[in-house]
Amino acid sequence: MAYLVAFHWGWLAGAFAIGLAMGWVAVVHRAAGVSRLLTWLLAALAVILVAAAIACLVPGRAGYWLELLLLLFVPYLAGCSLGTWLRAVVVTRSMRQRSAA
């Protein structure tokens, strides 16, 4: 895993940057939410993929790509969380300034 981080640090930074942008945009997006069933199915899929990577059930190149996918998913989610939080802070601050004026 340390090899993946050392070798793919640029891709990890890119995943974080894309997540930051998507988190910033997601606050403004007004689409329908994901159903509970789909949320549970996606969570179960994530748990199964992590378990397969930890147990080394997928050998060779496919296992490498699985671990890389899971490794890139973490900074993407962190970027999404940070982008959403930053957008909420900016919107809240601008709303307070408008109401005070």
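**Exercises on a predicted model**

At 55% relative accessibility, valine 34 counts as exposed. The model is predicted: local features need pLDDT of at least 70, side-chain atom pairs count only at pLDDT 80 or more, and totals for chains, interfaces and linings use all residues. Residues are numbered from 1 along each chain as its sequence is written, and side-chain values use heavy atoms, with hydrogens and water left out.

**Exercise 1.** Locate valine 34 and state where it lies relative to the helices.

Solution. Helices are DSSP runs of H or I with at least four residues, numbered from the N terminus. Valine 34 sits in the loop between α2 (9-26) and α3 (36-54). The class "exposed" requires over 50% relative accessible area, whereas buried means under 20% and partly exposed is in between (1.4 Å probe, protein chains only). With 55%, valine 34 is therefore exposed. From valine 34 to leucine 45 the separation is eleven residues in sequence and 15 Å in space, C-alpha to C-alpha.

**Exercise 2.** Compare the span of α3 with its expected value, then examine what follows the helix.

Solution. The expected span is 1.5 Å times one less than the number of residues. For α3, with 19 residues, 27 Å is expected, and the reach from first C-alpha to last is close to that, at 27 Å. Cysteine 56 follows α3 and lies in the loop between α3 and α4 (60-100). Its phi is positive, near 55°, in a residue other than glycine. Most residues other than glycine have a negative phi. Cysteine 56 counts as exposed because its relative accessibility is 58%.

**Exercise 3.** Find the aromatic pairs and classify their geometry.

Solution. Rings of Phe, Tyr and Trp (its six-membered ring) pair if their centres lie within 6.5 Å; planes under 30 degrees apart are stacked, over 60 edge-to-face, and the rest tilted. Tyrosine 64 is partly exposed at 27% relative accessible area, while tryptophan 65 is exposed at 53%.

**Exercise 4.** Which helix supplies the largest share of the nonpolar patch?

Solution. The patch on the surface consists of Phe16, Trp24, Val25, Leu82, Trp85, Leu86 and Val90. Together the seven names listed have about 610 Å² of accessible area, by the Shrake-Rupley method with a 1.4 Å probe. α2 and α4 each supply at least two residues, and the largest share, four residues, comes from α4. Phenylalanine 16 is in helix α2 and is partly exposed, at 32%.

Definitions and conventions:
Patches are made of residues with over 30% relative accessible area and no salt bridge: like charges are joined within 9 Å, nonpolar side chains (Val, Leu, Ile, Met, Phe, Trp, Tyr) within 5 Å. A salt bridge is a side-chain nitrogen of Lys or Arg within 4 Å of a carboxyl oxygen of Asp or Glu.
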